[in-house]
Amino acid sequence: MHSKVLLFALTLPALLSAQNRIVGNAAEAEAGRGLFRIVCAPCHGIQAKGGRGPDLTTGVFNSGNRDEDLFRVISQGVSGTEMPGYGVRFGTDNIWRFVAYLRSATNRRAVASVGNATAGEKLFWSKGACGQCHRVGQRGGPMGPDLTRAGRKRSYEYLRAALTDPNAELTTGYYKITVVTRDGKTISGVQKGFDNFSAQLMTVDGVIHSFLRENVQSCEREYVSLMPSYKSWSETELNDIVAFLVTLRGDL
Amino acid sequence: MRMLSLFVVFASMAFGQVKDADWLTYGKNLSGWRYSELDQIKTTNVKSLALEWVFQTNILGKQETTPLVKGNVMYVTGPENSAFALDLTTGRQIWKYSKNMPPGVNACCGLVNRGFAMQGDVLFKVNIESTLVALDSKTGSVIWESTIDDYKKGYTATVAPIVVKDKVIIGIAGAEFGTRCFIDAYDVKTGKRVWRFWTVPGPGEFGGESWPKDGKAYERGGGSTWVTGTYDPELNLIYWGTGNPGPDMNGDVRPGDNLFTCSIVALDADTGQRKWHFQFTPHDVHDWDATEDPVLLDIDQNGKKVKAVVMANRNGFYYALDRATGKLLTGKPYTEVSWAKGLDANGRPILVPGQDPTPTGNKACPGGGGGHNWQPTAYSPQTNLYYFSSTDGCHTYYMTNQEYLEGQWYQASTFTGEGLFPKGSIVAVNPATGDVQWRWKMVSPPSGGMLATAGGLVFSGDSFGYFFALDAKTGKPLWNKQLGGTVINAPMTWARAGRQFVTVAAGGAFFTFALPK
C-alpha cells in the first residue's frame, strides 16, 4: 500500500536517473550486498543462491528479468508469497542498490541443461518412482516437496545436487522424525510438526500420525531427508531427470 | 454455625488463604523479580488449571506486554499504538486506546510495546513514534503526550516505563538505525523532560575517549535502552541495560571500547547522573545488547550478604555485580561461549581471536541474538534460583561496509546458521555462583518470559503456542496447554475473591487460567 504511494510520488525521470546512477556501479552493488545480507539472506541465502526463497543467481527471475521488474518486486513484494515489499522501509535508492547487487551476483550464466527432458519425465514416473512422494501438477504423492514449480524455485545445480545428495540442503520443514513408542515400535516419517510437547509426522503411506512426548519413549528429529540417493544412476539418467525438473514452471 | 465454620476451615484448606494480589509494575516489583507469593496454584494441582476467559485484541503482531492489574481492571498494551482496559472477571473490554502511527516509522523488530507503568489513577506508555503518553486509567483518555525524540532519525519507543517517585523513566530503541541513544526521566504531572542520560558520551565527556576522536561515529553509536530497568530506593539508583554499538557488526568504523554500549549503567534517580557503569562486551561486534533484565537481589558472598544486580547477558555469560559499586562479584557462561576464554578479575572478557565478523564470515557462539535475549526473567526467593531462557548455538557472522543514511537500517551485515536446528533451553541459575542448577531443553529457540510463584512453579510459553508450567526446583514440565499463537511476553499472576489467576498472551489474544471453582 505504502510502496504504491511512494512510486506514484516519484516521477519517471527521477526513477530512471537513480537506476542509471546505481545499477552497474560496483560501489553501489557492494552497498546493496550489505543490505541484502541483512534483509534478504534469511530466505535467499547469504550468497543469494536460494533457500526458503528462490535462487537469485541464475539470471532468471520468477516475476520478470528486467531491472524494472526486480525494482517492482523488491519494492512491492509478491502477493501470495512470503516476499514482502521493502519500498517504504528502504526508499528508491536502496531498492536500486539491491538490484545492482543482484545484477553483480547473477553474472554467472545459468548452467545449460544437457539432459533430455522427455526421457527424464519417463524416469521420474517409472524407474525413479519420484512420484511416490513428489507431486507435479495433479499427479504424485504427498510426502515430499511439491515439484510443480521446481524449475522456478530451484537452480539447476540445486536440483542436480539434491538427486545424489538429498541431505545437502533440505527444504525447510522436510526433516525426518523418528518416534519410539512405549511398546518399542519405531515409526519414521517426514515432519509435519515438532515441538516441545508433541510431534506430527507423515509416513510413506500418506498417513499423518501425532504423538505426545509424555506418552512415548523417544521422539527425535534429524536433519536428514527421507529421499533415497540416486547416485548409483548414470550421468545420462541424472541429467535427464534434472532436464525434466527445470521445465516445471507451474503450468498445470 | 458449627457446620459453617467447618466449611470455612475446609474451604481455606482447599484454597489456602488467598488475599487479593495486584500486579502494578513491569517486573512485579521495582527489583524486577517477577515472583509472586501466591501459592494456590502449585506443583500438586497445576494439572487442573482451566481457562477462565480469553480476550482477542484483533491486532496482528507480537504481544510483548506485561499486563498490570489494579482494582477490578487489567491494563494491557498491544502492538501498533494500542492499549486496552479489561474486566478482570470476564475479560470484556472496558476501554480501548489507539493512535495512528505516522508513515515511515522504521522499527527493527516489530511495532511492539512492552506495557504500562502506573501511578495512582494514571497510566504511562510509550508510542512507537517515540512519544510518551499519560492516560486516565478510568477512561483511557490522554492526559498529556510528550515527544521523546524524532522517529525520522530512526528512534522508536517500545519499552515499558517505570515510575520512580515523581518521574516516569523510559528507554529508547533504534541502535540498528545509527542513532545515539539515551535514558530519559519525565515529570509524571506535566510530561516535561527532567533529565536525559546519553548512553553514548560525546567528545570531552566521561567515556568519550572510547570513541574515535574525529568524525561522527559517536552520533551513530547506538546503545539503545529498549528493556525496562530496575530501581533500588535505598541507594536511589536506577539500573538500566544498554544495547549494541552502531553499526552492529562493523567495528572498524568505531575503534575503542564504545562506552556505554553493552553495559549496565547505574544512575541517580533524581538527576540522571551516572554513579557507575559496567561494560560486559567492550567494542561489541556481535550485536550482544546488554538490554536483558537487570535484576536486584541480595546474594551470599563468603557468608556476607551483598546487594547485587544480576544479568543473564546476551554474550553467553551470567553476571552478578555489586550494585552499590558496579564491581564484578561473579561471571560464568550459562551456554556455549566461543568468543571469550573467560573473564578477568574486573569482568573484562578474555577474547579468543578469529571470532569477529569478516566479509567471508566467522563462526562464533552464542549465535545472533545471543544466549538469553530480552524476554523477562524471574527470581524466586523460595528456591533462590534465577530463571531465564537461552538460545543455545552458534552462527556465522558477516561484516559488510555500509554507508550511513539517516533513519535507515545501519547494521553493516548479518549472521547465518546453516543446516542446523537452532536449540534453546530454560535455565535455572544459582545467582551467587552462576552455576546452572537445572536446564530444560527445548527443540527450538525460546520465545517467552518467566514467572516464578510461591507455588513452586515457573510459568512460561514457547514459539509453538504452548503455555506451560515447570517445577521450579527441578525444571520438570508439569502442565501445558496449546494456545494457538506464540507466547512472547512473560505470564503474570494475580488474585481476587480467594482465587489465584494466571494471565498470558499468545498470538493476538490474552488468556486467563485458574483452578476450577
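**A walk through a two-chain model**

Hi everyone, let me open with a cluster of charges: Asp232(B), Glu234(B), Asp298(B), Lys307(B) and Arg323(B) are linked in a network of salt bridges. By salt bridge I mean a side-chain nitrogen of Lys or Arg within 4 Å of a carboxyl oxygen of Asp or Glu.

Before going on, some housekeeping. This is a predicted model, in which local features need pLDDT of at least 70 and side-chain atom pairs count only at pLDDT 80 or more, while totals for chains, interfaces and linings use all residues. Residues are numbered from 1 along each chain as its sequence is written, chains are lettered from A and ligands numbered from 1 in the order in which they are written, and side-chain values use heavy atoms, with hydrogens and water left out.

How confident is the predictor? pLDDT is its confidence in each residue, from 0 to 100. Chain B averages 94, and 96% of its residues score at least 70. Please be careful with residues 6-13 of chain B, where pLDDT stays under 50. For that stretch the model has two contacts beyond four places in sequence, a contact being heavy atoms within 4.5 Å. For the complex, the predictor gives an ipTM of 0.88 and a pTM of 0.89.

One of its links joins Arg323(B) and Asp232(B), whose closest N and O atoms are 2.8 Å apart.

Are the two partners buried or exposed? Arg323(B) is buried, with a relative accessible area of 7%, and Asp232(B) is buried as well, at 3%. Buried means under 20% relative accessible area, exposed means over 50%, and partly exposed is in between, using a 1.4 Å probe and protein chains only.

Strand E15 leads us to a sheet. Four strands of chain B form an open sheet in the order E15-E16-E17-E18, with antiparallel pairing. Two strands pair if DSSP finds at least two bridges between them. At the edges are strand E15 (230-232) and strand E18 (274-279) of chain B, each pairing on one side only. Neighbouring strands of this sheet are turned by 20 degrees against each other on average, direction ignored; axes are lines fitted to C-alpha atoms, for helices over the stretch in contact, and angles run from 0 to 180 degrees between N-to-C directions. Strand E17 (residues 263-268) of chain B runs antiparallel to E18(B), and five bridges join them. Among the details, Leu267(B) has Arg274(B) as its bridge partner in E18(B).

Now another arginine, Arg196(B). Which residues does Arg196(B) form salt bridges with? One is Asp149(B), with the closest N and O atoms 3.0 Å apart. Arg196(B) lies in strand E14 (residues 193-198) of chain B and Asp149(B) in the loop between strand E10 (142-147) and strand E11 (162-164) of chain B, so this pair ties together parts that are 47 residues apart in sequence. Another is Asp184(B), at 2.8 Å from N to O. Here the pair links strand E14 with strand E13 (residues 182-187) of chain B, twelve residues apart. Arg196(B) is buried, with a relative accessible area of 16%, Asp149(B) is buried at 14%, and Asp184(B) is buried too. Over all chains, the count comes to 30 salt bridges.

The contact itself takes 28 residues from chain B and 21 residues from chain A. About 2300 Å² is buried between the chains, and carbon and sulfur atoms give 60% of that area. Buried area here is the accessible area (1.4 Å probe) that two parts lose on being put together, summed over both. Trp409(B), Phe421(B) and Val443(B) supply 26% of the area that chain B buries against chain A, more than any other three residues.

Last stop, chain A. Helix H10 (residues 235-245) is largely enclosed by the rest of the structure, because nine of its eleven residues are buried. Among them are Leu238(A), Ile241(A), Val242(A) and Phe244(A). The buried residues of H10(A) pack against helix H7 (117-125), helix H8 (150-153) and helix H9 (156-164) of chain A.

Terms used: pLDDT is the predictor's confidence in each residue, from 0 to 100. Helices (H or I, at least four residues) and strands (E, at least two) are DSSP runs, numbered from the N terminus.
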